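Subject: A structure for you to explore

Hello,

Here is the structure I promised to send you. Have a look at it first, and then read on for what turned up.

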Protein chains: 2
Amino acid sequence: MAQPCVLYHFAFHPASRAARLALGEARIDWTDTPVRPWEPDCPLGALNPSGMPPVIQTADRGRDLTLCELPAILGWIEDQQKSPLLLSADVAERAEARRLTTWFESRFTDEVDAVLLHERMEKPLLKLGPPEARALRAGRDALKGHLALLDDMAGARDWLAGRRLSQADLIAAAHLSVLDYFGEVSWGGWPALRTWYSKIKSRPCFRPLLADRFIGVAPAATYADLDF
Amino acid sequence: MAQPCVLYHFAFHPASRAARLALGEARIDWTDTPVRPWEPDCPLGALNPSGMPPVIQTADRGRDLTLCELPAILGWIEDQQKSPLLLSADVAERAEARRLTTWFESRFTDEVDAVLLHERMEKPLLKLGPPEARALRAGRDALKGHLALLDDMAGARDWLAGRRLSQADLIAAAHLSVLDYFGEVSWGGWPALRTWYSKIKSRPCFRPLLADRFIGVAPAATYADLDF
């Protein structure tokens, strides 16, 4: 019997997006509960000590179960599978998917998201004033370096971590899709990465993300376009 | 047949320490290769795109295998076990261990390590001048908040994530042990956490860490003391 599964998420938070993609790939039905973690009455304050999404409330063998943070959600999904779903069965590809996950959750987050998404997304949300040109430039330069690395990877492999789709693809696509909404990804310069992104963008799990809208900012022209 | 296993690590890098503790708990023999990731000729430049430890070079069914970053190492260790070793079999405890791992690798790293270890460890290593009083104060205040949370947890449970030792304990102990070397942890104020730390400090996997020495800084008086 399917258990209720409530996902607390913020639509433009990369780890929240990765959780939605992973649930979709695993064909787990869930109820959407959008949250705004920067607001004092956000319900996550009582669920996750960090106060951040993604968080899942579900049940396991009759016991309530709360899953806080993306690794707990990805681990729980993978633990339920009869055969590997979001990690390859191949030991080297598993290691590579885990390396890339770490890369996005630390290096990419620090160098790109914390700069570029701060300027483009957090500043309007928190009413912190207009973006600063110097920070935008630094974030865009950092993003270019990451896109070059990812383009090489996408050109050499079927998926980022090897021959099959893995959690690394979902996490990479989650981060890039938020930046893409704000028009920050120039796909034309990275043909292999564009081919990879068009493959993942076409998957059913991606569809809900393409319908997300950020108040006051229209998506980039090709954001929801499968042929971009 | 046991495979060769070479661990590239820096003795006072928390994730490197967690890798040593995990290898020790799993009773995997390894060869120590200390590295200094901030030096231009560090061999990790050619092994891990991030240039950072911990990295393992080993072999799997005749193929060379490189494991970059702590999650790849912890995942590889766990994947080899017949029954769960550094994650509980209990679904809620697995989720809690993964939540705490994320907590240390992001929140604790940003709020405590990036401030306090920057002042106490990176500045002398990189010859960046003396520590700044204001940064030391901010880092110590942040650490106090984390210690209070951990003390509550240690008082309510056998181990941080529940009834058995998990990767969360190893990662927490890895971070706290580096801070402890520099005399930054006032154990007297946190009796439950001290009891937890004395349990983990007494495990055979911990012994090599207690012999580590940082050039130019003697360890805190009770750093290597099992009865502190």
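A crossing of two helices is called left-handed if the near helix is turned anticlockwise from the far one by less than a right angle, and right-handed if it is turned clockwise. Please keep in mind that this is a predicted model.

**Helices that pack together**

Two packed helices are described by the angle between their axes and the distance between the axes. With that in hand, look at helix α3 (residues 91–126) of chain A and helix α2 (residues 70–79) of chain B: they pack at an angle of about 145°, and their axes are 8 Å apart. The crossing of α3(A) and α2(B) is right-handed. On the α3(A) side you will find A:Val91, A:Arg94, A:Ala95, A:Arg98 and A:Thr102, which meet B:Pro71, B:Ala72, B:Gly75, B:Trp76 and B:Asp79 of α2(B).

Helix α3(A) also packs against helix α4 (residues 133–156) of chain A, at an angle of about 150° and with the axes 8 Å apart. Because angles over 145 degrees count as roughly antiparallel, α3(A) is roughly antiparallel to α4(A). This crossing is left-handed.

**Aromatic rings**

How many aromatic pairs does the structure hold over all chains? There are 28 aromatic pairs. One of them is formed by A:Phe12 and A:Tyr181, an edge-to-face pair with 4.7 Å from centre to centre and 70° between the planes. This pair links distant parts of the chain: A:Phe12 sits in the loop between β1 (6–9) and α1 (14–25) of chain A, while A:Tyr181 belongs to helix α5 (residues 167–181), 169 residues apart. Are these two residues buried or exposed? Both A:Phe12 and A:Tyr181 are buried. They also belong to a cluster linked by ring pairs, together with A:Phe10, A:Trp38, A:Phe182, A:Phe214 and A:Tyr223.

Rings can have charged neighbours too. In chain A, the charged end of A:Lys199 sits over the ring of A:Trp159, 4.2 Å from its centre. In chain B, B:Lys199 lies over the face of B:Trp159, at 4.2 Å from the ring centre.

**Some backbone details**

Most residues other than glycine have a negative phi, and most peptide bonds are trans. Here are some exceptions to look up. A cis peptide bond joins A:Pro53 and A:Pro54, with omega about -5°, and another joins B:Pro53 and B:Pro54, also with omega about -5°. A:Pro54 lies in the loop between β2 and β3 of chain A, and B:Pro54 in the loop between β2 (31–34) and β3 (55–60) of chain B.

A:Arg27 has a positive phi, near 55°; its place is in the loop between α1 and β2 of chain A. With a relative accessibility of 77%, A:Arg27 counts as exposed. A:Arg61 has a positive phi of about 45° and is found in the loop between β3 and β4 (63–68) of chain A. A:Arg61 counts as exposed as well, at 74% relative accessibility.

**A serine to look at**

A:Ser50 is in the loop between β2 (31–34) and β3 (55–60) of chain A. A:Ser50 counts as buried because its relative accessibility is 12%. Leaving aside neighbours within four places in sequence, A:Ser50 is in contact with A:Glu69, B:Trp103 and B:Arg107.

Enjoy exploring!

Key
Residues are numbered from 1 along each chain as its sequence is written. Chains are lettered from A and ligands numbered from 1 in the order in which they are written. This is a predicted model: local features need pLDDT of at least 70, side-chain atom pairs count only at pLDDT 80 or more; totals for chains, interfaces and linings use all residues. Side-chain values use heavy atoms; hydrogens and water are left out. Rings of Phe, Tyr and Trp (its six-membered ring) pair if their centres lie within 6.5 Å; planes under 30 degrees apart count as stacked, over 60 as edge-to-face and the rest as tilted. Helices (H or I, at least four residues) and strands (E, at least two) are DSSP runs, numbered from the N terminus. Buried means under 20% relative accessible area, exposed over 50%, partly exposed in between (1.4 Å probe, protein chains only). A charge sits over a ring if NZ of Lys or CZ of Arg is within 6 Å of the ring centre and within 35 degrees of the ring normal. Axes are lines fitted to C-alpha atoms, for helices over the stretch in contact, and angles run from 0 to 180 degrees between N-to-C directions. Angles under 35 degrees count as roughly parallel, over 145 as roughly antiparallel, 65 to 115 as roughly perpendicular and the rest as oblique. Contact means heavy atoms within 4.5 Å.
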